[in-house]
Every structure is written in structure tokens, then in C-alpha cells.
Amino acid sequence: MQIGILGGTGPAGSALGVRLASVGFDVVIGSRSKYRAMEVVDKLHEQWPALNLSVTAGDNAAAAAADVVVIATPWDAAYGTATSVADALDGKVVICMANALTRIGKEFQPLVPPRGSVAASVQAAVPGCRVAAGFHHVPAKELGDLDHPIESDVLICSDFQDATDVTSRIVASVPNMRPLDAGGLSQATPIESFTAVLLQLNVHYRTRVAVKFTGIPEPERPAPGLDGSTGGESEAEEA
Ligand SMILES: NC(=O)c1ccc[n+]([C@@H]2O[C@H](COP(=O)([O-])OP(=O)(O)OC[C@H]3O[C@@H](n4cnc5c(N)ncnc54)[C@H](OP(=O)(O)O)[C@@H]3O)[C@@H](O)[C@H]2O)c1
């Protein structure tokens with residue numbers, strides 16, 4: 001499966017890209033400038049020369065041509081970025097990891113974007129795609145550090161079960177990451193907002209937290225798969 005990342009040159013997108021490449025996905029790091037993407041991709045290859053990662057660079061249109069597309073832009077750029085490649089996103093699973101936040105003094109505060117969440121606004125921008133919200137709470141630095149496992153639950157929500165399933169299988173491909181089906185896309189509002197709490201914890205405890213839930217039975221964890229099939233045969237900033 002090829003995964004394209006819009007705005008993949010930032011800390012979050014590049015970290016997700018390199019982590020997914022490390023478990024076998026073909027990743028296209030997208031950017032408004034393919035030259036910026038090339039610089040970022042060169043640095044990733046320099047950082048992990050022995051891993052022979054399948055990470056390539058392109059503009060956002062090239063990333064949007066992938067099988068599954070991730071939106072990793074700032075929240076206020078997500079709608080416009082999705083709209084700019086709407087034709088390519090049509091019919092695809094689109095994973096939105098953007099959080100609408102602002103920092104006022106020492107306090108992180110969630111913002112409420114149009115339609116209640118960034119993910120819902122992307123769904124409205126491209127009605128023909130199937131948006132899943134996910135990866136909001138995974139700290140970029142740890143995600144991109146391939147020398148260490150990243151241990152985190154990933155809350156996923158979508159109005160399309162196959163989008164949740166595809167996203168879940170991508171998450172489950174990463175050792176120690178657990179996908180959790182959090183319901184419909186309306187849940188993206190609290191999921192995105194909750195990131196403000198995590199960032200506040202980062203500041204208070206001078207760390208970078210990740211999320212782990214207790215009480216969920218292990219059978220909920222789907223088997224990992226790289227083929228991108230959507231059938232029901234198998235089964236998920238310091239600031
Ligand atoms: N950092 C984390 O730990 C983390 C974790 C989980 C989720 N997130 C979320 O993931 C998203 C990306 O985070 P980040 O820290 O990587 O953000 P970022 O560095 O501010 O932005 C990511 C990329 O988006 C592109 N971009 C910036 N402004 C744009 C605009 N006006 N229009 C179109 N593209 C624009 C840029 O790429 P080009 O200039 O190359 O186009 C930039 O490199 C955010 O919404 C954040 O809330 C972050």
C-alpha cells in the first residue's frame with residue numbers, strides 16, 4: 001500500500017512517514033514545494049541509511065495520488081489543502097491527523113473549526129472521500145525515532161467503517177501501537193480537542209505524553225495487514 005502525506009514535511013508528517021516506511025509501507029512525503037519535500041526525504045534517508053526506507057518526495061498532488069492519503073498540515077490549512085487535490089482524493093480513505101489548537105500564554109486551548117472538527121471540515125471539502133480521524137495524540141519526536149518503539153493507543157473515528165478498518169490496519173502494523181475504534185466522525189471534535197490537554201501535560205511535567213487506555217480486551221486489536229484490502233475477512237507536539 002502506498003501512503004501519501006499532505007504537508008508531510010513537518011515534524012508530524014515526516015515522523016509518521018518514516019515510521020510507516022519502517023514497517024513496509026511505500027510513503028510519499030508531499031509538500032507545496034517538491035523541492036522542500038526532497039530536502040526532508042534526503043534527511044530521513046541520511047538519518048536511517050541502513051533501513052532502505054521506501055520514502056519518496058513529491059508535491060501534494062503526487063502524495064494525493066497514493067492509495068491512502070494523510071493530512072498533516074496545520075489545522076487551518078487542511079480544508080484548503082484537501083480542496084486543492086479534491087479530484088485525487090475522491091473515493092479514497094483520507095486520514096486527518098490535524099488538531100485545531102491555539103496557545104495563549106502558557107495555556108493550550110482547543111479551537112472549534114467549521115463543522116466541529118478539522119476532520120469533518122475535510123470530509124465536507126471532499127464529500128466523495130472517506131475521512132478517518134487518527135494519530136492526533138502521537139508525539140512526533142517519538143514517532144519519528146526509529147531507534148525506539150512508539151507505544152501509544154490511536155483513537156480512530158469515521159463515518160465509514162472501511163476507513164476505520166484501513167486506518168486501524170495501518171496503525172496495527174506498527175509494533176506497540178494499538179488502534180481503537182472511537183465511533184463516528186462526530187467524535188473527532190473531542191479527540192482533536194483532547195490534544196490540548198496532552199500538550200498542557202507536556203508543559204507541566206516537562207515531557208511528551210502518549211495515550212494508553214485500560215480495560216479494552218485484546219481481541220479488539222485487529223491483525224496487521226499491508227495489502228490495503230477493505231473486506232471484512234480480517235478484521236486498526238511538545239509544544
Ligand atoms: N507535532 C506533533 O507532535 C503532532 C502530533 C499529532 C498530530 N499533529 C498535528 O499534525 C499537523 C501537522 O503538525 P506539524 O507539527 O508537522 O505542523 P507544521 O510543521 O506546522 O506543518 C506541517 C506542514 O504543513 C505545510 N503547511 C504549513 N502551512 C501551510 C498552509 N498554509 N497551507 C498548506 N500547507 C501548509 C508545511 O509543508 P510545506 O511548506 O512543505 O507545504 C508544513 O511543513 C497539525 O495539525 C498538528 O496538530 C502534530
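## Overall architecture

The chain of this predicted model contains 9 helices and 10 strands. Helices (H or I, at least four residues) and strands (E, at least two) are DSSP runs, numbered from the N terminus. The radius of gyration of the chain is 16 Å, close to the 18 Å given by the globule rule for 239 residues, so the chain is as compact as a globular protein of that length. This radius is taken over C-alpha atoms, and the globule rule is 2.2 Å times the number of residues to the power 0.38. Along the principal axes, the C-alpha atoms fill a box of roughly 40 × 35 × 35 Å.

Buried residues account for 49% of the 239 residues in the chain. A residue is buried if 20 or more other C-beta atoms lie within 10 Å of its own, exposed if 12 or fewer, and partly exposed in between, with C-beta atoms placed from the backbone.

Residues are numbered from 1 along each chain as its sequence is written. Local features need pLDDT of at least 70, side-chain atom pairs count only at pLDDT 80 or more, and totals for chains, interfaces and linings use all residues.

## Strand β5 and its partners

Strand β5 (93-96) runs parallel to β4, to which 4 bridges join it, and parallel to β8, again through 4 bridges. Two strands pair if DSSP finds at least two bridges between them. Cys96 of β5 stands opposite Ile71 and opposite Ala133 in β8.

Val93 and Ile95 point one way from β5, while Val94 and Cys96 point the other way; all are buried.

## Helix α6

Helix α6 (residues 118-125) is largely enclosed by the rest of the structure, because 7 of its 8 residues are buried. These are Val118, Ala119, Ala120, Ser121, Val122, Gln123 and Ala125. The elements covering them include β4 (68-71), α4, α5 (86-89), β5, β8 (130-133) and α9 (188-205).

## Ligand surroundings

Of the 25 residues around the ligand, Gly7, Gly10, Ser31, Ala98 and Ala140 come nearest. The elements giving two or more residues to this shell are α1 (11-22) and α4 (75-84). A residue is near a molecule if its C-beta atom, placed from the backbone, lies within 6 Å of it.

The shell divides into 12 nonpolar, 10 polar and 3 charged residues. Ala, Val, Leu, Ile, Met, Phe, Trp, Tyr, Cys and Pro count as nonpolar, Asp, Glu, Lys and Arg as charged, and the others, Gly among them, as polar.

## Aspartate 147

Asp147 lies in the loop between α7 (140-143) and β9 (152-158). Asp147 counts as exposed because it has 6 C-beta neighbours inside 10 Å.

Notes: Two residues are in contact if their C-beta atoms, placed from the backbone, lie within 7 Å.
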